[in-house]
Amino acid sequence: MTTLLALFNYWIVIILMMTGLYIMITRHNLIKKLIGLSIFQTAIFYFYISLGKVTGGSAPIIDPDVTTYSNPLPHVLILTAIVVGVATTAVGLALIVRIYDNTGSIEEDDIREHELSLIKDSEQRINKSSMNKTDQG
Amino acid sequence: MMQKHQQRHEVLQVISKLLIPFILLFALYVQFHGDFGPGGGFQAGVIFASAFILHGLIFGVTKTRKVLPAQALKTGMALGVLLYAGTGVASLFLGGNFLDYSVLAHDPLHGQHWGIFTIELGVGLTVTCVMIIMFYSFSLRVR
Amino acid sequence: MSAVVEMSVMEQVIHHLPALIIVLPLMIAPLCVIFRNRIVAWSLTAVTSGICAVIAACLLILVKNGAPIHYALGGWSSPSGIEYYIDISNALILLLVSSISTVVSVYSLHSVDQEIPREKHYLFYTAWLLCLTGALGIAITCDAFNVFVFLEISSLSTYLLIALGNERPHSFMASFRYLIMGSVGASFILLGIGFLYAATGTLNMQDLSERIPLVAESRTVIVAFAFITVGLLIKIAMFPVHNWLPNAYQYAPSAVSSFLAGTATKVSIYVLMRFMFDVFGTNYSFSQMLLSNVLMPLAVIGFILMSVVAIFQTDLRRLLAYSSIAQIGYIIAGVSMATQAGLSAAMIHIVNHGLIKSALFMATGCMLYRLGSVHIQSLRQLISSMPITVSAFAFGGISLIGLPLTAGFISKWNLITAALEKDWWWLAALILVSSILAVVYIGKVIQMTCFSPITTENNQSSGQVISEAPTLMWVSTWILLLASLYLGINSEDFVALTQQGANQVLGGFK
């Protein structure tokens with residue numbers, strides 16, 4: 001029991017990660033999917049950040065009174081990953097806005113229907129024109 | 001619409017007018033203190049941008065765009081990356097490896113100092129511009 | 001550092017080549033934003049890619065004749081700093097990526113002009129250069145976390161490039177689906193790298209390869225292995241997780257699909273090889289983790305099933321996309337043999353398939369440029385109006401099938417030899433079956449373009465006279481095809497080179 005509690009950071013990571021993954025798989029709303037992705041990425045950020053903690057260590061700023069420091073490297077790494085995550089979310093949201101402009105919906109089912117009808121239309125058009133051509137020939 | 005908008009938020013406008021200089025100042029502190037303590041370009045850039053985003057939220061984005069046009073931001077964004085990569089290339093020309101700051105000044109310690117300083121400046125510039133552009137492009141959408 | 005100062009100028013330039021190949025596109029990208037002119041951006045992109053290709057060729061010659069190159073960024077030596085590492089295998093990848101980028105960016109002038117609004121061109125080329133930076137960076141770096149960073153640079157710019165396609169909302173949805181899948185893949189890789197760091201306390205690949213055997217029994221390393229493998233397989237578009245690729249290749253601007261088809265997945269396959277053989281070690285990956293048992297069945301199902309799916313496609317770009325997934329199956333089959341012959345076959349096929357598939361997508365782009373659609377029905381009797389483009393497609397298709405004297409033949413020959421060397425005759429047989437399937441889907445297109453009954457009068461009567469694609473477009477398509485023809489006819493040096501490269505990959509970091 002104590003070991004389970006002592007590893008609480010990993011439990012949080014796992015719960016968050018599975019939440020994110022579950023949202024991404026089950027939700028059909030694009031924005032919710034993106035939120036799921038963000039939660040999923042955040043879980044990984046937590047994992048890295050908790051990795052850098054050294055028991056009894058202080059913040060890694062050099063000070064004569066302190067002997068043990070936490071490991072700053074994972075924090076630096078995850079700073080980069082956070083920026084990447086923000087960029088991904090921004091690109092995703094921008095795409096969703098454009099998708100909404102084009103289809104009038106952010107529900108995946110509606111969009112798929114819209115896409116399929118467009119594809120069907122164009123196929124019919126192409127078949128028709130090629131039929132015409134062969135008929136004339 | 002604009003008039004009504006402004007009247008309704010008079011308290012917020014006055015408060016944010018007071019706040020914005022301090023946000024900018026704090027951003028500069030985070031930026032330039034980055035090589036001694038916690039801080040650096042990423043954080044400073046976001047804080048710096050947040051001042052303009054606050055301005056945009058309270059006074060309307062059109063006014064903010066007069067202060068900072070989107071084209072200027074795009075140029076700033078590119079200049080930041082150039083500053084970053086340029087520092088690296090400068091160290092190449094001075095005889096070090098790419099991004100080897102030690103050769104930038106007469107002794108390695110100063111070189112490292114100057115290197116980090118310019119690199120973080122580049123990062124800060126790019127992050128600020130990108131954050132504000134992101135805010136513009138989402139907030140200017142008209143249904 | 002003082003040693004660096006004492007070198008002559010020429011030596012210095014050579015010393016800094018590994019950094020220059022990454023920095024150059026990275027620095028030119030913001031310049032495109034500053035100039036804000038489509039022609040300037042286009043020429044900058046083409047010239048930069050060309051210079052990168054020259055640098056990559058120099059690096060390849062250097063590592064072919066000498067030891068692998070280590071380049072410490074910022075002068076911080078290997079375990080603490082980020083290091084670039086170049087041996088034959090990744091010099092080949094660098095050369096492939098940068099030369100495809102050169103040819104396709106030259107090609108892109110007309111097609112981009114047609115597909116994308118002019119005021120966005122400079123941003124298109126900025127994203128292109130960043131994508132190139134990312135792809136080159138993934139191949140060159142020797143730092144596990146740096147791989148993730150470059151992967152995301154190239155992925156984010158790829159999402160933009162795909163979304164710029166003019167078939168809305170399909171392009172947006174394709175890009176969004178790729179964004180979700182790609183980010184999950186990249187996050188898995190990030191998580192795996194985190195576990196590796198937790199287990200070993202280092203991120204440098206060479207350092208990792210030394211420390212992993214000491215903790216190989218721990219569950220942390222096993223989990224890291226699993227996450228990195230799955231993450232990379234998503235990025236590679238390996239069979240069960242390939243779903244993002246057909247849409248992305250179909251709806252991207254034609255220049256972008258040509259560029260991606262030759263580079264994006266290939267670079268990820270290289271990373272997979274690097275991690276499996278060097279970082280984790282051949283013994284760990286293939287004897288303890290039994291990676292072959294996972295990869296081989298998936299690869300085989302992939303190349304059979306996806307070839308069958310390709311036969312039933314009605315859009316040419318989608319057909320080629322499914323064929324790409326099938327070809328990735330061949331490459332992974334070669335990798336999962338974990339022998340020198342298999343690895344060298346995989347490398348040969350990475351290069352050959354990169355060239356051929358880019359050329360095929362470029363030919364398709366030419367058709368799209370003139371016809372406005374590459375639905376299989378609209379290609380009837382195209383040979384009479386666009387002979388050069390159609391013959392380019394046919395030539396590329398024959399090479400894809402793998403008839404003798406073509407590059408495709410060399411890669412299949414090596415793959416089958418490698419399979420027989422392992423006594424996997426069934427694999428050799430299945431590769432032949434899949435080649436026959438390729439004959440069917442390529443044959444379908446050739447039959448439609450060359451032998452379908454429709455006279456040119458009808459074409460004119462429907463009010464549109466179709467002419468040959470712009471010279472720039474078909475010339476650059478043929479350049480790639482001739483390059484692959486050269487590799488097909490004069491293959492001995494190339495095969496020897498990949499064998500040397502395979503030995504280096506199997507031997508670990510030097």
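**Figure 1. Where chain C meets chain A in the predicted model.** The contact draws 33 residues from chain C and 32 residues from chain A. Two residues count as in contact if their C-beta atoms, placed from the backbone, lie within 7 Å. On the chain C side, helix 6 (144-163), helix 7 (170-200) and helix 19 (456-461) each supply at least two residues. Helix 7 of chain C gives the most, with 13 residues. Helices are DSSP runs (H or I, at least four residues), as are strands (E, at least two), numbered from the N terminus. By class, this side of chain C has 17 nonpolar, 13 polar and three charged residues. Nonpolar covers Ala, Val, Leu, Ile, Met, Phe, Trp, Tyr, Cys and Pro; charged covers Asp, Glu, Lys and Arg; the others, Gly among them, are polar.

This is a predicted model: local features need pLDDT of at least 70, side-chain atom pairs count only at pLDDT 80 or more, and totals for chains, interfaces and linings use all residues. Residues are numbered from 1 along each chain as its sequence is written, with chains lettered from A and ligands numbered from 1 in the order in which they are written.

**Figure 2. Where chain B meets chain C.** Chain B puts in 17 residues and chain C 16 residues. The chain B side has nine nonpolar, six polar and two charged residues.

**Figure 3. Inside chain C.** Chain C has 21 helices and two strands. Of its 510 residues, 64% are buried (20 or more other C-beta atoms within 10 Å of the residue's own, with C-beta atoms placed from the backbone). Among contacts in chain C with a separation of 6 or more, 79% join residues 24 or more positions apart. The C-alpha atoms of chain C fill a box of roughly 75 × 55 × 40 Å along the principal axes.

Technical notes:
A residue is buried if 20 or more other C-beta atoms lie within 10 Å of its own, exposed if 12 or fewer, and partly exposed in between; C-beta atoms are placed from the backbone.
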